[in-house]
Amino acid sequence: MTAAHTLDVRVIPPREKHPTIFDTFNALAPGESFVLVNDHDPRPLRYQFEFEHAGEFGWEYLEQGPSVWRVEISRKAKS
Amino acid sequence: MKLGLSSAAAPDAPLGELLEAAARRGFGALELREGDAHGITPDADVGAIGEAVRRATAAGLTITGYRTGGAGHDLALARLSYTLGAPILLEGPEDLAARIARARQMRNAGAAVAIVLRGESVVQDGALAAALSSPLAWDADPRVGPPGRFAEALLRRTAGALRHICLPGGGPETTLQDGMGVGDLMRRLALAGYEGTLVLAPSTTRYRLAWRSWLGHRGGGGCGSKVAETPVRQLTTLAMEGGER
């Protein structure tokens, strides 16, 4: 997997956050990842990923609060 | 990419308050602007500057730049840069060529210096400055044009010279930035692997009270699952109380 880039969504207007995150995910090649930075646990986002991209993504918490959450989101390599 | 705060967000806050507010909001970096109440001036005592760096580090923050437009104290700025361990962010009113020349002299004196770019000619100016080996900072004002489009061209033409971006807005102004391309900017920076700093600053002094209020509270607008804590209606009221620049 290549080095992960950072997408800090704390400055993105709320309505644009999820589209931006999914656009970023969709631009990843298999095996690539990015680190999502947020100011709360993005669990609702994970549910959306599970619904729309089941089996295609990896989700690993790198930091879990109390001020900042970092999650590495990867596009799984095709087996 | 590291997210930071500009002292312009709390220009009347002493350094301790600024550090506390930035850390509470989860920022990792701090840009100091000359003239704000943080107490760091080009001619400040070396011990005082060192103490500021120590306090910032203890708060989990990196001082990421010292912004100045002032002329006539370049040797003091050079000394400040290497004591802070941060670049001088050189903005106008001088033209680009004059600032490139100044930056070169200050680098010869041991300083790290980045030229601040802004406006519609940012890509051309950036390409020129980068060709002359100058690190770059960019004021990515969405009101000038779609910042994501500028970012992509700037990153492509400046080959890693872009180290620092200031985004006017964000924070309590986030709800006002729908459709201004901030999400596109962040997406493109992420995909380009931008590893510099992105600092937030008020877009205008009209929002000074809104920023003060926002920096005094914990939490904030979420990932679509939470609403921003300061609704636009309240922000407008606060802005009116703050007055225009």
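Author: Start with helix α3 (residues 74-84) of chain B and helix α4 (residues 96-108) of chain B. Their axes come within 9 Å and cross at roughly 60°. This is a predicted model; local features need pLDDT of at least 70, side-chain atom pairs count only at pLDDT 80 or more, and totals for chains, interfaces and linings use all residues. Residues are numbered from 1 along each chain as its sequence is written, and chains are lettered from A in the order in which they are written.

Reader: Why are α3(B) and α4(B) called oblique to each other?

Author: Angles under 35 degrees count as roughly parallel, over 145 as roughly antiparallel, 65 to 115 as roughly perpendicular and the rest as oblique. The axes cross at roughly 60°, so α3(B) and α4(B) are oblique.

Reader: Which residues of α3(B) and α4(B) meet?

Author: D74(B), L77(B) and A78(B) in α3(B) meet R102(B), Q105(B) and M106(B) in α4(B). Contact requires C-beta atoms, placed from the backbone, within 7 Å.

Reader: Which residues are buried in helix α5 (residues 122-131) of chain B?

Author: V122(B), V123(B), D125(B), G126(B) and A129(B). A residue is buried if 20 or more other C-beta atoms lie within 10 Å of its own, C-beta atoms being placed from the backbone.

Reader: What puts them on the same side of α5(B)?

Author: Their arc around the axis is only 160°, which puts them on the same side of α5(B). The arc is taken from the directions from the helix axis to the C-beta atoms.

Reader: What do the buried residues of α5(B) pack against?

Author: α4, β5 (113-117), β6 (136-139), α6 (147-158) and β7 (162-168) of chain B.

Technical notes: Axes are lines fitted to C-alpha atoms, for helices over the stretch in contact, and angles run from 0 to 180 degrees between N-to-C directions. Helices (H or I, at least four residues) and strands (E, at least two) are DSSP runs, numbered from the N terminus. Two residues are in contact if their C-beta atoms, placed from the backbone, lie within 7 Å. A residue is buried if 20 or more other C-beta atoms lie within 10 Å of its own, exposed if 12 or fewer, and partly exposed in between; C-beta atoms are placed from the backbone.
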